[in-house]
Amino acid sequence: MATMIGIRDGPSAPGGVSAPYSPAKDKAANRGVYSSRATPLLRRVRLFVSAAAKVRILLGACLLIALMLIITRAGSLMGWNPHSPSSVFSSSRGGYTVLINTWKRNSLLKQAVAHYASCSGTDAIHVVWSESDPPSDRLKAYLRKIVLSKSQSAHKPNFRFDLNEEDNLNNRFKPIEDLRTDAIFSVDDDVIVPCPTLDFAFTVWQSASDTMVGFVPRMHWLDAEKDGVTYYSYGGWWSVWWMGTYSMVLSKAAFFHRKYLDLYTYKMPSSIHEYVTRERNCEDIAMSLLVANATGAPPILVKGKIYEIGESGISSLKGHSKRRNKCLNDFISLYGSVPLVSTNVKAVDARHEWFCFADFNIGENEEAGQIPLFFPE
């Protein structure tokens, strides 16, 4: 059977010859592809559609950012607090013991005890008392009462005075009986560390419990060689800020393991004890050298604001810097080497930072550059 195929005539080509019919060409012609009559209205419509698409993308990005902010805050909106007792204090983690060194500043001592009693990770508060007269019954009763009233948890911190018969800076590192925690937070009576900052520093210490973790950095550097003897310089806050490195954190606000109390008292060279007793200075440098010598590792500086509520201290005395230099060099000569290890790492609580970045400009209690360290809750 023959198949009939119908052919539709298209428009005539020049010369009267009909061109073959093309449906695609006809459809395109109807859309105006082959026409030069693209109207201004059509162009405006296309520009409007393109602009609208860009606006939708921008709005979507803003919505995504807002959603991320809501998610990051959802925990607190639902009642979860990263600094609650369950986050820092538990039977397996132990909390920390606050060891307050004081000297004839009862008003400051009261403020310090009241503050640290309110921190969720505080398991106990010990006051190192080296005055000739023991604390009055009135003072002891007041502080015990304030500890009970200020504590926010069901677990109330133990409170005790550690009495010493003589005034000696070595007293602040005497071993303590019946401690329930491995972590010691050593602090002066005029230094206040906000509880969230303190609890974060505790989590940092838990990740590196053999080293010192604190808030007040200091540094050392090679100064000169003379007659075969190497001399080092002790650098304070400005040196740390300028050089961007540190090798010590002072015990006026630092965590360390309880074992260092025993090492300081029983294993450290007695000549260093005698030096601290005689000079009434540098027990904090001695502790930094002790820990560095035991670990071969640097300390860890924690970013955080701390507040010094006292008017003056030993560091305000004339010639303090020279005495610290002498302490450092005398202790190094007793060790026979330099155990201190320099670093530029700074621990940052990433939950409270929009942007964490690497830099080597480290300042005490300043918004300086930092290398972010992430630690478990």
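Two strands count as paired if DSSP finds at least two bridges between them. Strands (E, at least two residues) and helices (H or I, at least four) are DSSP runs, numbered from the N terminus. The model is predicted: local features need pLDDT of at least 70, side-chain atom pairs count only at pLDDT 80 or more, and totals for chains, interfaces and linings use all residues. Residues are numbered from 1 along each chain as its sequence is written, and side-chain values use heavy atoms, without hydrogens and water.

**Hairpin**
- Strands E9 (residues 217–226) and E10 (residues 229–235) pair in the antiparallel sense over seven bridges.
- His220 has Tyr234 in E10 as its bridge partner.
- Two residues separate the strands of this hairpin, where Asp227 takes a positive phi near 55°.

**Open sheet**
- Eight strands in the order E5-E4-E3-E6-E12-E8-E13-E15 form an open sheet with mixed pairing.
- Strand E5 (158–163) and strand E15 (346–347) are at the edges with a single partner strand each, so one side of each has no neighbour in the sheet.
- Strands E8 (residues 213–214) and E13 (residues 300–302) run parallel and are joined by two bridges; Gly214 is partnered with Leu301 in E13.

**Aromatic rings**
- Rings of Phe, Tyr and Trp (its six-membered ring) pair if their centres lie within 6.5 Å; planes under 30 degrees apart are stacked, over 60 edge-to-face, and the rest tilted.
- The count by this rule is 15 aromatic pairs.
- Trp237 and Trp238 pair edge-to-face, at 4.2 Å centre to centre and 80° between the planes.
- Trp237 and Trp241 are stacked, at 6.5 Å and 20°; both lie in helix H7 (residues 237–243), four residues apart.
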